[in-house]
Amino acid sequence: MAVGEIFLSAAFQITLEKLASPMSKELEKSFGDLKKFTWTLSKIQAVLRDAEARQITNAAVKLWLSDVEEVADDAEDVLDEINMRLDEIAKKGDELGLKERSGEKGHNARPNARPPSSSLIDESSVFGREVEKEEILELLVSDEYGGSDVCVIPIVGMGGLGKTTLAQLVYNDEKVTKHFELKMWVCVSDDFDVRRATKSVLDSATGKNFDLMDLDILQSKLRDILKGKRYLLVLDDVWTEKKSDWDRLRLPLRAGATGNDDCWSLFKQIAFENRNADAHPELVRIGEEILKKCRGLPLAVKTIGGLLYLETDEYEWEMILKSDLWDFEEDENGILPALRLSYNHLPEHLKQCFVFCSVFPKDYNFEKETLVLLWIAEGFVLAKGRKHLEDLGSDYFDELLLRSFFQRSKINSSKFFVMHDLVHDLAQYLAGDLCFRLEEGKSQSISERARHAAVLHNTFKSGVTFEALGTTTNLRTVILLHGNERSETPKAIVLHDLLPSLRCLRVLDLSHIAVEEIPDMVGRLKHLRYLNLSSTRIKMLPPSVCTLYNLQSLILMNCNNLKGLPNDMKNLLNLRHLNLTGCWHLICMPPQIGELTCLRTLHRFVVAKEKGCGIGELKGMTELRATLIIDRLEDVSMVSEGREANLKNKQYLRRLELKWSPGHHMPHAIGEELLECLEPHGNLKELKIDVYHGAKFPNWMGYSLLSRLERIELSQCTYSRILPPLGQLPLLKSDSRVSLEKMKLEDMKNLKEWHEIEDVPLISILIEISNFRRLALLPEGLLQHLNSLKELRIQNFYGLEALKKEVGLQDLVSLQRFEILSCPKLVSLPEEGLSSALRYLSLCVCNSLQSLPKGLENLSSLEELSISKCPKLVTFPEEKLPSSLKLLRISACANLVSLPKRLNELSVLQHLAIDSCHALRSLPEEGLPASVRSLSIQRSQLLEKRCEEGGEDWNKIAHIPDRYIERF
């Protein structure tokens with residue numbers, strides 16, 4: 001929480017309202033005269049805006065705000081206690097039958113010097129650095145690296161790792177030569193000296209040897225040469241870590257090209273989104289002046305652009321332009337004036353959300369949904385009208401993303417987000433002592449002011465100790481951050497020694513630790529709102545969890561050993577999220593869980609026959625959203641319970657799975673009747689039916705009510721003989737029929753018919769057909785009209801002998817990926833019909849396949865061809881493969897005697913892999929194309945011998961940089 005922000009936000013008003021309550025007499029005992037107390041708070045609030053603006057430049061003001069924050073936290077804890085007491089009193093009143101009545105109220109040592117380096121390199125002797133090279137090239141030519149400041153890409157590591165070699169590869173790459181007007185290589189080697197280093201840069205830039213000794217003259221000369229140019233400077237063998245050295249060296253380097261045109265385009269795109277900039281000439285004029293202060297730095301441009309997004313008031317733009325913060329240079333923390341300014345102009349409710357994120361380390365990838373739940377637990381998200389807290393928190397997040405305080409991760413841009421290093425520096429500076437990270441090699445002394453703590457326990461090689469966290473009693477947050485593996489942290493240290501001192505906790509995340517039980521003392525954490533025990537080894541939760549009346553989120557993802565939940569879970573009336581994803585050993589739900597009508601997330605409901613544990617408990621959970629899996633449907637006692645669950649009224653659900661257990665014995669007729677009662681709401685997008693033993697599907701699967709359905713998966717419906725009439729679904733994404741995104745049919749051993757083929761819905765992404773036993777042919781017309789389908793997968797189709805033209809394969813004009821797997825009787829593919837849009841074709845375990853279809857040469861978009869375990873395939877067709885092919889993989893084709901003809905003409909082929917092709921005697925006589933970058937030959941003895949160095953085919957592969965030839 002940013003310093004003092006609880007008072008700046010609307011939460012401050014709520015705090016006052018809570019204090020001005022019937023409990024005022026109780027409060028007067030602690031605070032004295034309530035009126036005077038309220039007046040004092042209001043007086044403090046009046047000066048907080050000024051203090052907030054001045055804290056960056058005035059350490060005394062920052063300290064004063066810290067004191068305000070500390071008092072605010074204590075006040076909120078008191079209010080929590082009062083609320084719990086009031087709840088207990090109200091509950092006793094209910095027990096007494098009372099009713100309402102109207103009208104009443106390090107520094108590393110340098111190793112031995114090495115010979116100086118140069119930019120020259122023999123690339124033929126370098127192997128295995130392609131990935132790193134491409135990553136650096138991408139950074140060098142990206143828009144992120146441009147501006148009037150000097151952008152640096154460090155390559156660090158111990159001696160001998162190949163840092164210099166990697167830099168030489170990049171330096172000599174053709175893309176770099178074209179992108180930069182000037183390249184310079186300097187080997188620093190000796191103890192760093194600014195004058196000597198500047199002279200070396202100047203010599204490299206001009207190709208001359210300047211006999212100058214004065215630093216001012218050297219730097220002025222270098223500045224003039226670099227002015228307006230886009231340049232690349234490599235400083236090799238640098239060991240200094242002194243910031244002052246680098247600050248002096250980079251002064252003349254700032255004269256390079258600034259990329260103002262690109263910056264204006266970026267700024268205009270963000271600040272004037274959906275508006276015509278030319279219609280606001282005065283704003284354009286002010287914006288151009290603001291850009292000059294951004295010094296061409298993309299991050300500064302994006303944050304200021306986000307700050308002025310949709311702002312049309314010229315006065316507000318002028319205020320940004322004339323702000324005093326532009327006058328401050330970067331401080332020792334590297335905080336840009338533009339970032340300070342953007343933060344100062346954030347709405348008050350966003351500031352504390354942003355600063356809280358400094359608890360995470362730099363480059364930490366976080367999920368939006370998780371962060372929003374943490375904000376809610378901390379009390380940062382404030383109720384507003386009828387809008388749900390989660391939706392408000394989502395709006396907060398989106399606004400910070402829009403203002404470039406967050407950015408999408410390169411790991412998975414649709415799921416994860418990160419903070420830019422400089423933005424993280426700002427958050428960390430503003431947080432001060434409020435946020436603390438416990439990690440190896442850094443101070444483990446925690447301030448009394450600390451409120452939020454993260455433990456990076458995967459950084460500790462010899463085990464982590466949590467003693468530091470036990471020295472303060474004011475923590476509101478403890479989050480264990482981890483790598484991909486579970487920590488073997490001793491459970492006694494983590495819990496029994498840690499919990500007693502953390503009475504003020506709002507957030508406790510102990511996920512991914514090797515703990516098998518949670519001590520009963522967790523029930524003492526009365527303020528707890530968020531508890532995450534995901535991927536632990538717990539089998540049961542202690543009953544005391546049911547006394548955490550403020551708990552909002554209980555996250556138990558992938559607790560594979562969890563068998564049950566405490567019986568009194570129904571008491572957690574404030575619980576909004578119960579995540580049971582991956583808790584596959586859960587036997588049943590706790591009794592009367594239906595009383596938790598605030599639940600928005602449940603993920604999994606396990607039906608049981610015990611009283612209060614049946615499917616009817618779902619009746620009142622109308623707020624459920626996202627995914628719901630209903631498991632063990634065979635334990636539904638009466639069909640009427642299915643209707644009582646009232647799935648049709650759950651309008652926020654987007655994905656529904658209805659599952660019976662394998663080997664269950666529910667009679668077919670009862671299963672059909674039950675499924676008919678489980679009709680979902682029309683907003684549903686994905687539906688899966690698993691291990692259903694009925695012979696027919698419910699009528700609602702073809703009704704117009706499922707107007708938004710995008711994906712259907714029918715799995716292990718082994719007694720079903722006829723597919724539902726999906727063609728009766730209404731119009732959606734097409735002018736003539738519904739558009740599903742995905743349909744999967746799996747393990748339907750008795751399926752014989754698909755009625756109303758002419759009404760098959762338009763499927764846009766994937767059809768997957770697998771584990772069919774009795775069908776020898778796909779129904780005629782099955783694939784007709786699916787002109788938007790992008791992926792088709794046919795697997796484990798044990799009776800399929802041929803794909804006839806009548807199936808409609810030729811109609812798949814948008815098909816990009818086609819896979820046929822484990823179809824042992826398939827003899828051939830149709831001679832025509834494969835789409836020219838096809839990019840990936842895979843044939844695997846087709847034991848009877850004797851030939852590939854003709855016309856492969858016409859697949860002008862095909863990039864990958866994979867043929868595996870087709871033992872009867874002897875040769876390829878006479879024509880050459882498509883010119884677009886980039887990867888060819890041939891595996892376990894025991895009787896294949898030759899590779900495709902004219903392979904050398906495939907000018908973009910990059911990867912060739914051959915495995916277990918024992919009859920393959922040689923590479924094509926014409927050789928392989930020069931474009932091939934990697935070659936793998938394994939378990940193909942005849943070919944391996946010819947391709948070893950000195951062998952008959954060695955000259956055909958010698959040019960390939962990445963070769964793997966297995967030798968017997």
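The sulfur of Cys357 lies 7.7 Å from the closest cysteine sulfur, that of Cys353, which is too far for a bond. This is a predicted model, and it holds 0 disulfides.

**Cysteines**
- A disulfide needs two cysteine sulfur atoms within 2.5 Å, so the 7.7 Å between the sulfurs of Cys357 and Cys353 rules out a bond there.
- Cys357 is buried, with a relative accessible area of 0%.
- Cys504 is also buried, at a relative accessible area of 14%.

**Nonpolar cores**
- The largest nonpolar core has 84 residues, and Leu556, Leu578, Leu602 and Leu618 have the most contacts inside it.
- Strand S15 (residues 653-659) gives the largest share of this core, 3 residues.
- Because domain 3 (433-586) and domain 4 (628-729 + 736-754) both give residues to this core, it lies between them.
- Beyond its neighbours within four places in sequence, Leu578 is in contact with residues including Leu554, Leu556, Met569, Ile593 and Leu602.
- Another core, of 68 residues, lies apart from the one above; among its residues are Leu291, Leu307, Ala338 and Leu392.

**Helix H13**
- H13 covers residues 281-294, a run of 14 residues.
- From first C-alpha to last, H13 reaches 20 Å, close to the 20 Å expected at 1.5 Å a residue.
- Its buried residues are Leu283, Val284, Ile286, Gly287, Ile290, Leu291 and Cys294.
- Seen down the axis of H13, these buried residues fall within an arc of 165°, so they line one face of the helix.
- Pro281 and Lys292, on the other side of H13, are exposed.

Notes: Residues are numbered from 1 along each chain as its sequence is written. This is a predicted model: local features need pLDDT of at least 70, side-chain atom pairs count only at pLDDT 80 or more; totals for chains, interfaces and linings use all residues. Side-chain values use heavy atoms; hydrogens and water are left out. Helices (H or I, at least four residues) and strands (E, at least two) are DSSP runs, numbered from the N terminus. The expected span of a helix is 1.5 Å times one less than its number of residues. Buried means under 20% relative accessible area, exposed over 50%, partly exposed in between (1.4 Å probe, protein chains only). The arc is that of the directions from the helix axis to the C-beta atoms. A nonpolar core is a set of buried Ala, Val, Leu, Ile, Met, Phe, Trp, Tyr and Cys residues joined through side-chain atoms within 4.5 Å. Domain bounds come from an automatic or database domain assignment. Contact means heavy atoms within 4.5 Å.
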